Amino acid sequence: MTGAVGNGSRMGLRLPLGLWGLTRILLLLCTFKVVVAPGPDTTFEVEQIYQGWFEVLQSGTYPRNDVTWQYPPGAALAVLSPALLPFLDYAPAFFLLAFLCDAFVFGLLVHTGRRPGRSMRGAWFWLAAVPLLGPTAYARYDVMVTAVAVAALLAAVRSPRVLGALTGFGAVLKVWPALLLVGTPKGRATWSSWSAAAGGGAAVLLLCTAWMPGSLAFLSYQSERGTEVESLGAMVFHIARHFGWDGVARMNYGSMEFLGPYVSWVSGGAMALTVAAFGWLALWRFKARRFATSTTADAAFVAVLLFTVTSRVISPQYMIWLFGLAAVCLVYRSSRMRRPAHLVLWATAVTQFEYPVWFSHVTASDPLGIAVLFLRNALLIAATFSACRILWRHTVTEAGSVHIPVPAGRPEQEKVLAGSI
């Protein structure tokens, strides 16, 4: 009996593992330019910018004179990571490490999804999402950061301290993983995870600061960024160009940005929206009463969605953050984030056309470029509003202070924890 179940389980894994292998072979062929995708070369950043940073970092300092270095000090670990494969040139080594991070995330989702009360939906979601983004998925270090974030969230139920330690490390890599802690259950779990995150993050930050000079130079460069052409606010200028606006779109601080009249107003408006979004998250946390096993992942997904859509910059690689967190949500049967997760998946597919396929149309603000960008951003906005509404309804509106019993034989049924801040 046990042997039959084991054989059935192995048979059930053959399809997802086979499809994962097939899609990743195709993705690697595109990344190594055996198959050339239309549009600009998405691997350029690794071959030129990352490798340049690598050489500077190896000399014993951060690239503090390079305005394109806009990352926390822990990013140096990702940029230096190809040194682990000295038998390969820099770019191939980086792509291989990104591939291994992809495999690591898929393995975590499969392992967790096969446990009682969990679902394989998250693994299937990740399997589909990564190739939809194309070579960009392996040509940025965001997949490495997302691997840390996924591992942190999957550890949340069993070990809040592991969640906190990995979150602190991830935040020093690229800031946004700090948002993973917004939905931790009130009480001991919150104090354990938040203190571990603060301690772990501070330790890594101090190590990086003592390791090389220039670790905090990124702060000034990040603050001086404008409105990037793919962001939500940029839609104003894409349309305004057809009505006489005399600004331009050009490379600035490492990305294509709009420069000209009123850009600072729109950038300021985006920052105000970000502050308002964080205010909404604080209000949600104050009012939330029901914390299911999926709530930490659901709230993290909502928080990063809010952070992304209100940002002055929405780069294609940001989609890796979103579909990575969406995949974790789908692992839990108690999560209700299926609709916003699917909207993010569609947005990821559209992003492949927005960049790199039709990026020249986007920068030219022609009808095709505006249409594809509007569709991608509209999908992200819809996903954000849907996710916020679901999170509020599930944890505030429908929640009460009375414990809801778990039906016998339903281990996947959510736990309900009532408490105060």
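**Note on a predicted protein model**

1. The side chains of Glu398 and Arg336 meet in a salt bridge, with 2.9 Å from N to O; the term stands for a side-chain nitrogen of Lys or Arg within 4 Å of a carboxyl oxygen of Asp or Glu. The pair links distant parts of the chain, since Glu398 lies in the segment after helix H16 (367-397) and Arg336 in the loop between H13 and helix H14 (338-357), 62 residues apart. Helices (H or I, at least four residues) and strands (E, at least two) are DSSP runs, numbered from the N terminus. Glu398 is partly exposed, with a relative accessible area of 35%, and Arg336 is partly exposed at 35% relative accessibility. Here buried means under 20% relative accessible area, exposed over 50%, and partly exposed in between (1.4 Å probe, protein chains only). Salt bridges that share partners join Arg290, Arg336, Arg393 and Glu398 into one network.

2. A word on the basis of these values: this is a predicted model, in which local features need pLDDT of at least 70 and side-chain atom pairs count only at pLDDT 80 or more, while totals for chains, interfaces and linings use all residues. Residues are numbered from 1 along each chain as its sequence is written, and side-chain values use heavy atoms, with hydrogens and water left out.

3. As for the whole protein, its secondary structure comes to 16 helices and three strands, and buried residues make up 55% of its 421 residues. The protein exposes about 18200 Å², of which carbon and sulfur atoms supply 68%; accessible areas come from the Shrake-Rupley method with a 1.4 Å probe, and for residues only the protein chains shown count as cover. Among the contacts (heavy atoms within 4.5 Å) with a separation of 6 or more, 76% are between residues 24 or more positions apart.

4. The count of salt bridges in the protein comes to nine. In one of these, Asp102 pairs with Arg24, the closest N and O atoms being 2.7 Å apart; Asp102 lies in helix H4 (residues 90-113) and Arg24 in helix H1, so the pair ties together parts that are 78 residues apart in sequence. Asp102 is buried, with a relative accessible area of 0%, and Arg24 counts as buried at 1% relative accessibility.

5. Another salt bridge joins Glu45 and Arg140, whose closest N and O atoms are 3.4 Å apart. This pair also links distant parts of the chain, with Glu45 in helix H2 and Arg140 in the loop between H5 and helix H6 (142-154), 95 residues apart. Glu45 counts as buried at 15% relative accessibility, and Arg140 counts as buried at 5%.

6. Two threonines deserve a look beside this pair. Thr42 lies in the loop between H1 and helix H2 (44-58), and at 5% relative accessibility Thr42 counts as buried. Leaving aside neighbours within four places in sequence, Thr42 is in contact with Pro135, Thr136, Ala139, Arg140, Tyr355 and Pro356. Thr43 is placed in the loop between H1 and H2 and counts as buried at 1% relative accessibility. Not counting residues up to four places away in sequence, Thr43 touches Thr31, Lys33, Phe95 and Ala139; the C-alpha atoms of Thr43 and Lys33, ten residues apart along the chain, are separated by 9.0 Å.

7. Leaving aside neighbours within four places in sequence, the contacts of Phe323 include Phe125, Trp126, Ala129 and Val344. In soluble globular proteins, nonpolar side chains tend to be buried together.

8. Helix H13 (residues 318-331) has 14 residues and should span 20 Å at 1.5 Å a residue, which agrees with the 21 Å between its end C-alpha atoms; the expected span is 1.5 Å times one less than the number of residues. H13 is mostly covered, with 14 of its 14 residues buried.

9. On the surface, Leu15, Leu19, Leu22, Ile25, Leu26, Leu29, Phe32, Val34, Val35 and Trp124 form a nonpolar patch with about 900 Å² of accessible area together. Patches are made of residues with over 30% relative accessible area and no salt bridge, like charges being joined within 9 Å and nonpolar side chains (Val, Leu, Ile, Met, Phe, Trp, Tyr) within 5 Å. Helix H1 (residues 2-31) gives the most to this patch, with six residues. Trp124 is found in helix H5 (residues 121-133) and counts as partly exposed at 34% relative accessibility.
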